[in-house]
Amino acid sequence: SSASKKVLVLLRGVEGSGKTVMLYEIRRIAAKMALEADTGVVLLGCTEELDALVPFYMWRSVFRSLLQGHSDTEEALGTFLVDRLKPAFPGIEKSLAVLNPVLNTNFRGAVNAYQAMSFDDLIEDILCELLWAEAHARPPVVVLLDDLHNVKHA
């Protein structure tokens, strides 16, 4: 079907009840289905205590996987991001540095050329745009996040 469907599943339980094992099994099944359908992508993010210190840290592994193949060099990654984001964020090439904490990059430029938006709101909007673009290019996109109790900044 051409209609997109958004689903959120929250799996909660006491420590040691098998949530992570179930998450990895869901990942395995979803990845197998994506491979068989020759479309789709499965992204896994796992949080750590570091998430309490570095905003958006849990998204690093998700976006590292999402951008794999476009990031042979930081320059290539920057070019890809500008091309992908320019329709929604004109002038994004001046603000790629805002993604440094998430992507663990060293892009140069004005940290936030979009003065009407807060730093966190801009990062959030850019990350959503990247996921949305990927979902349209290779549906479905499955994002699995583990150990969210460590997260202070989402």
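## Reading salt bridges and cores

Mentor: Let's start with a charged pair: Glu93 forms a salt bridge with Lys86, and their closest N and O atoms are 3.5 Å apart. Keep in mind that this is a predicted model.

Trainee: Okay, what is the general idea behind a pair like that?

Mentor: Side chains of opposite charge can pair when their charged atoms come close. In this structure, the N-to-O distance of 3.5 Å between Glu93 and Lys86 is what to look at.

Trainee: And are Glu93 and Lys86 buried, partly exposed or exposed?

Mentor: Glu93 has 36% relative accessibility, so it counts as partly exposed. Lys86 comes out at 41%, which makes it partly exposed too.

Trainee: How many salt bridges does the structure hold?

Mentor: Four. One of them joins the side chains of Lys32 and Glu36, at 3.6 Å from N to O.

Trainee: Where do Lys32 and Glu36 lie?

Mentor: Both lie in helix α1, which covers residues 19–37. They are four residues apart, or about one turn of the helix. Lys32 is partly exposed, with a relative accessible area of 48%, while Glu36 is exposed at 60%.

Trainee: Which parts of the chain does the pair Glu134 and Arg84 link?

Mentor: Distant ones: Glu134 is in helix α5 and Arg84 is in helix α3, 50 residues apart. Their side chains meet in a salt bridge at 3.5 Å, N to O.

Trainee: Is Glu134 buried or exposed?

Mentor: Glu134 is buried, because its relative accessible area is 7% and the cut-off for buried is under 20%.

Trainee: Let's move to the nonpolar side. Which residues touch the most other members of the largest nonpolar core?

Mentor: Trp59, Phe63, Leu81, Leu103 and Ile126, out of 29 residues in that core. The elements giving two or more residues to this core are β1 (41–46), α2 (59–66), α3 (74–85), α4 (100–103) and α5 (119–137).

Trainee: Which element gives the most to this core?

Mentor: Helix α5, with six residues.

Trainee: Say I click on Leu103. Which residues is Leu103 in contact with, leaving aside its neighbours within four places in sequence?

Mentor: You'd find Phe63, Leu67, Leu77 and Leu81 in contact with Leu103.

Trainee: What does the second, separate core include?

Mentor: That core has five residues, among them Leu23, Ala30, Val42 and Leu44.

Conventions. Residues are numbered from 1 along each chain as its sequence is written. This is a predicted model: local features need pLDDT of at least 70, side-chain atom pairs count only at pLDDT 80 or more; totals for chains, interfaces and linings use all residues. Side-chain values use heavy atoms; hydrogens and water are left out. A nonpolar core is a set of buried Ala, Val, Leu, Ile, Met, Phe, Trp, Tyr and Cys residues joined through side-chain atoms within 4.5 Å. Buried means under 20% relative accessible area, exposed over 50%, partly exposed in between (1.4 Å probe, protein chains only). Contact means heavy atoms within 4.5 Å.
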